[in-house]
Amino acid sequence: MAGSSHGHTPAAWTGVIIAFIGFCVAGAFMVMAQPVGFWVGMGVVLLGGVVGGIMRMMGLGQKNEHPVHQIAGQREPAGAKS
């Protein structure tokens with residue numbers, strides 16, 4: 001995946017950061033035996049996915065022009081030069 005720039009977009013980073021914060025909140029409240037706080041943290045985790053998806057729809061995600069997303073017949077041959 002390193003060759004495809006997978007996840008190196010503002011949408012991906014924002015979604016993951018929000019989800020990570022929610023995970024930390026849920027974990028802390030789980031240790032404190034506070035179910036309401038745990039579920040609030042889980043809600044924040046889901047919010048991270050929603051925010052990332054909205055940002056992707058706004059054009060801040062991975063572009064489909066990347067070679068990984070192209071059909072094999074539409075790619076240039078490996079040795080071809082323009």
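Let's start between the helices: Ala 33 sits in the loop that links helix 1 and helix 2. Helices here are DSSP runs of H or I with at least four residues, numbered from the N terminus. This is a predicted model, in which local features need pLDDT of at least 70, side-chain atom pairs count only at pLDDT 80 or more, and totals for chains, interfaces and linings use all residues. Residues are numbered from 1 along each chain as its sequence is written, and side-chain values use heavy atoms, with hydrogens and water left out.

Ala 33 is not a glycine, yet its phi is positive, at about 60°. For background, most residues other than glycine have a negative phi. Ala 33 has 60% relative accessibility, so it counts as exposed (exposed is over 50% relative accessible area, buried under 20% and partly exposed in between, with a 1.4 Å probe and protein chains only).

## The chain as a whole

The protein chain has two helices and zero strands. Of its 82 residues, 16% count as buried. Among contacts (heavy atoms within 4.5 Å) between residues at least 6 apart in sequence, 60% join residues at least 24 apart.

Helix 1 covers residues 10-31, and its 22 residues should span 32 Å at 1.5 Å a residue; the end C-alpha atoms are 32 Å apart, which agrees. The expected span is 1.5 Å times one less than the number of residues.

Which residues of helix 1 are buried? They are Ala 11, Gly 15, Gly 22 and Ala 26. These residues lie on the same side of helix 1, because they cover an arc of only 40° around the axis (the arc is that of the directions from the helix axis to the C-beta atoms). On the face turned away from the buried side you will find the exposed residues Trp 13, Val 16, Phe 20 and Val 31.

## How the helices pack

The buried residues of helix 1 pack against helix 2, which covers residues 35-60. The two helices meet at an angle of about 180°, and their axes are 7 Å apart. Axes are lines fitted to C-alpha atoms over the stretch in contact, and angles run from 0 to 180 degrees between N-to-C directions. Helix 1 and helix 2 are therefore roughly antiparallel, a label for angles over 145 degrees.

## Before helix 1

Thr 9 lies in the segment before helix 1. At 10% relative accessibility, Thr 9 counts as buried. Leaving aside residues up to four places away in sequence, Thr 9 touches Leu 60, Gly 61 and Gln 62.

Methods
Parallel < 35°, antiparallel > 145°, perpendicular 65-115°, else oblique.
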